Amino acid sequence: MAVQHNANEITLSRTLGLLDITMIGVGAMIGAGIFVLTGIAAGEAGPALVLAFLLNGVVTTFTALSYAELGSCFPEAGGGYLWVKEGLGGTQGFLAGWMSWFAHAVACSLYGLGFGRFALELVLLAFPGAEAWARPLTLIFMVLIVILFAYINFRGASETGLIGNVVTIAKVIILAVFIAFGIAAMLRRPDLNVFRESFLPHGLSGVFVAMGLTFIAFEGYEIIAQSGEEVKNPKYNIPRAIFISIIVVVIIYALVAVVAIGAVTVPASAGNLPVWDYLAEAKEVAIVRAAEQFMGGWGGILILISGLASTMSALNATVYSSSRVSFAMGRDHNLPSILGRIHPKMHTPYWAVVISAVLVIVMALSLPIDEVAKAADVMFLLMFAQVNVTVMTLRQRRPDLDRGYFVPFFPWPAVIGIFTNIALAVFLAIETGRVGLVTLGWIAGGMLLYWGYFRRVEERKRPLEVIMREALVSVDYSVLVPVAQPNQARELGLLAAMMAKEHNGEVLALNVIRVPPQLSLQYGRLFLKEGREPVYAVIDEVKQHNIPVHTMIRLGRNVPDAILKTVDENASDMILFGWPGTSGTNDRLFGSVIDRIVSNPPADIAIFRPHDPFPYERLRRIVVPVAGGPNCRLAVDTAVSLARNTQESTQVVLLHVLVDGTDPAAAQARANNAFRRAGEGINYPYETKTITASSPVEGILAEAAEADMVILGATKEPFFVNLLMGNVSQQVAEDAHCPVLIVKRRSTVLKSMLRETVLQPVLRSRKLDGNGTTKSS
C-alpha cells in the first residue's frame with residue numbers, strides 16, 4: 001500500500017521482486033528493435049553484426065554500472081531524473097527528467113505502431129482485402145494496445161509485472177526456437193565461410209554505424225531503475241536485475257545475429273547479393289524472411305507472434321517508465337502537480353499513467369515517429385552521460401549513502417561511459433540533421449518552462465529551509481561564519497569583524513540545524529532556540545567593532561550542503577571556521593563538515609585554532625611562514641588585514657625555514673624568491689626572517705613561541721591529488737602555543753569540477769609520536 005510520512009511524502013507500494021524487474025528490463029530491451037533493426041544493421045556491418053551487438057553490450061555496461069550503484073542507494077520512482085537532480089542540481093535534474101519523459105513516450109509510440117504493423121500482417125493473412133485499410137487499421141490497433149497497457153499500469157505494479165513476465169517469457173521462448181532452428185540449418189550447410197570471408201565488408205566504420213543504430217535497444221535497464229520505489233529489497237535486487245537483464249539480452253541478440261547471417265541462403269531471384277545486403281533489403285521483415293527459410297511457412301507466423309509479444313512487453317515497460325518519471329517530476333513540482341497524485345485504492349500514479357498514455361497516442365498519430373525516435377535516442381544518450389557524471393559527483397558529495405553496490409575501478413567506467421554516450425549522441429545527431437533540431441527544440445522548450453515557471457513553483461512548495469534570516473546589505477565583501485557552539489563565538493566574531501572591516505564588508509553568522517532523514521524538515525524548528533545562542537554570541541562581538549552583521553539559521557539534512565548553499569546565495573568571499581579538532585579517521589582530518597568544504601572551497605577558507613589566553617587586547621606580532629605555495633599570498637593578505645585593524649601597531653613577520661643539510665646558497669635563493677612573491681604589492685610594513693631547523697614544522701614552532709598568532713597557507717598539494725590540508729599546517733596548528741589561522745584559496749573552475757567528480761581523497765595513516773602527538777604520514 002502507499003505510505004505517507006508527515007503528510008508531505010508520497011510513496012508507492014513495494015510489490016516487485018527480482019524476477020519481475022528483470023523481466024521488465026529484458027522486455028524493454030528485446031522489443032521491436034531485434035526485429036526491425038537487425039536487417040538494417042546487418043547491411044551496415046555485414047557478418048560483424050555479431051561484433052556490433054557484443055560491443056554495444058560492453059559500452060552499455062559502463063553506464064549500467066552507474067545505474068546499479070545509484071539504483072541501490074536511491075530506490076525511488078524517477079530513476080536518473082532524481083539522481084541527476086541530487087548530484088548536479090535542479091536545472092540538470094529537470095533536464096534529465098524532461099528528456100527521459102519525452103524519450104520514453106516516443107519509444108512507447110514506436111512500439112505501439114510496431115504492434116499495429118505486426119497485427120495488420122496477421123490480419124492480412126486471413127483477409128487480404130484489408131490491405132486497402134492498412135494505415136487506419138494500424139492506428140486503431142496502436143490506440144487499443146496503448147489503452148490496454150495504460151489500464152494494466154493503472155491497476156498496479158503487481159499486475160503490470162505479471163502481464164509483463166508472461167509476455168516476455170513467451171517471446172524469449174519463441175526466439176530460442178528461432179535460434180535453435182537457425183543453428184540446425186547452419187550445421188546442415190556444407191560450409192560456413194560467411195564469417196571467415198569478408199567479416200568486415202564495410203570496415204570498422206560499418207560496425208560503428210550498426211552500433212549507433214542498435215544501441216538504443218540496450219537501454220531497458222534504465223526502466224529497472226525507474227521502478228525502484230516499487231521493488232522489494234531494492235538495495236540488492238536493482239543491481240542484480242540490471243546485470244542479469246543485460247547478460248540475457250546480449251546473448252540473445254548475438255545468437256540472433258549469428259543465425260540471421262549464417263543460416264540464410266540468398267534466393268536466386270535476389271541475384272548475387274551477399275546475405276547481409278539481402279537482409280538489409282528486407283528491412284523490418286528480415287527476421288521473418290529468415291524464419292520462413294529454415295522454419296517453414298509456420299516460422300514466419302511464429303515470428304510475427306513473437307513480434308507482437310515483443311512490442312507488447314516493450315510497450316508495457318515504457319508506459320510504466322514514462323508514467324513513473326512524470327510522477328516523480330509532478331511530485332517535485334517540476335511538472336504540473338496533478339501528475340504526482342496517487343490513486344487512493346490502486347496506489348498507482350493514475351494521472352501520470354493517463355496523461356503519459358494520451359501523450360503517446362498523440363505523438364503516434366501526429367508526428368513523423370521514425371525521425372522523432374532518433375531524437376529520443378539522442379536524449380537517452382545525453383541522460384546516460386548525465387548519470388555517469390552524477391555517480392562521480394555523489395561519490396564525493398555523499399559518501400554517507402547506503403550503497404548496495406559500488407562501481408569497480410572507479411571512476412574509469414563512468415568516464416568511459418560519458419565519452420561513449422556523447423560520441424554516439426553526436427553521431428546520431430549529425431547522421432540526420434533534423435534529429436539535432438528536434439532534440440534542441442525539445443530541450444529549449446523544457447528549459448523555458450522550467451526557468452519561466454516550474455522553478456518558482458518548486459521553490460514555493462519546497463519545505464522552508466531558512467527559519468531565521470536578516471536582510472543583507474549590498475557590500476563588496478562578505479565573511480561567512482558557520483558556528484555550532486558558543487564557546488568559540490567570541491574569537492570567530494572578532495576575527496570576522498577585522499577581516500570585514502579591512503574590505504568595508506559585512507559578517508554573516510550561520511547556524512545549521514541538522515534534521516535526521518526520518519523527520520520532516522519542519523521538525524527542525526524545535527531546535528531554533530539552541531541555534532540562536534551561538535549566532536547571537538557572534539553578533540555581540542562584531543557589533544562592538546561597528547561592522548554590519550547579520551544572522552541566518554537554516555535547516556538541512558546535510559550540514560556541508562547547507563553551508564555551500566549559503567555561500568552561493570550570499571556570494572561569500574571568506575568562510576571562517578572554528579577549530580573542530582582532528583577526526584582521528586584515516587580519510588578525514590577535521591570531520592565530514594569542514595573536510596567536504598576545504599577539499600573544494602567555493603570561497604577563501606580560514607580555520608582558526610585558538611589558544612588560551614587569546615590576545616584580545618593585543619595582537620602585536622603575527623608570523624607568516626612562506627614557502628611559495630599557492631595559499632601563501634592569501635596568508636600574507638590575511639595577516640595584513642588583521643594587523644591594520646588592531647588597536648596597537650602590529651608587526652608582520654614573513655618566515656622562511658631552511659632545512660638542515662640543504663645547499664645554503666640555493667636555499668637562501670629560494671627564500672628570497674618566496675619573500676619577493678609573498679610581499680609583492682603589499683602596502684604594509686613587514687619584516688623577513690630566515691631560520692635553520694631540522695624540519696619546517698620545528699622551525700615554525702620555534703618562531704611561534706614568541707608570536708601572538710601564526711597564519712599559514714595550506715600546504716601546496718599536487719594537482720591530481722585531492723589533499724585536504726597539508727601536513728605542515730596541520731601539525732603546526734596542533735602543537736603551537738599561540739593561536740593559529742590556516743587559510744586556503746578558493747578552487748578554480750577546472751579544479752572544482754575535477755574534485756567534484758574524478759579526484760579521490762588521499763587516505764592518511766595517523767600515528768602518535770613519543771609525546772602522544774598525532775602525526776600524519
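Start by selecting Y151, which is partly exposed, with a relative accessible area of 47%. Keep in mind as you look around that this is a predicted model.

Show helix α6, residues 134-155, and you will find Y151 and F154 in it, 3 residues apart and so separated by about one helical turn.

Next, look at the rings themselves. A pair of aromatic rings is described by the distance of the centres and the angle of the planes. The structure has 15 aromatic pairs. For Y151 and F154, the ring centres are 6.3 Å apart and the planes stand at 40 degrees, so this pair is tilted.

Which residues do ring pairs link into a cluster? Select F94, W98, W101, F102, W442 and Y450 to see them.

For a stop with a charged residue, pick R395 and F410. Here R395 lies over the face of the F410 ring, 4.1 Å from the ring centre.

Finish with two helices: α4, residues 80-88, and α5, residues 90-126. Their axes come within 7 Å and cross at roughly 165 degrees. Angles over 145 degrees count as roughly antiparallel, so that is the word for α4 and α5. Their crossing is right-handed. To view the contact, select G80, Y81, V84, K85 and L88 on the α4 side.

How values were computed. Residues are numbered from 1 along each chain as its sequence is written. This is a predicted model: local features need pLDDT of at least 70, side-chain atom pairs count only at pLDDT 80 or more; totals for chains, interfaces and linings use all residues. Side-chain values use heavy atoms; hydrogens and water are left out. Rings of Phe, Tyr and Trp (its six-membered ring) pair if their centres lie within 6.5 Å; planes under 30 degrees apart count as stacked, over 60 as edge-to-face and the rest as tilted. Helices (H or I, at least four residues) and strands (E, at least two) are DSSP runs, numbered from the N terminus. Buried means under 20% relative accessible area, exposed over 50%, partly exposed in between (1.4 Å probe, protein chains only). A charge sits over a ring if NZ of Lys or CZ of Arg is within 6 Å of the ring centre and within 35 degrees of the ring normal. Axes are lines fitted to C-alpha atoms, for helices over the stretch in contact, and angles run from 0 to 180 degrees between N-to-C directions. Angles under 35 degrees count as roughly parallel, over 145 as roughly antiparallel, 65 to 115 as roughly perpendicular and the rest as oblique. A crossing is left-handed if the near helix is turned anticlockwise from the far one by less than a right angle, and right-handed if clockwise. Contact means heavy atoms within 4.5 Å.
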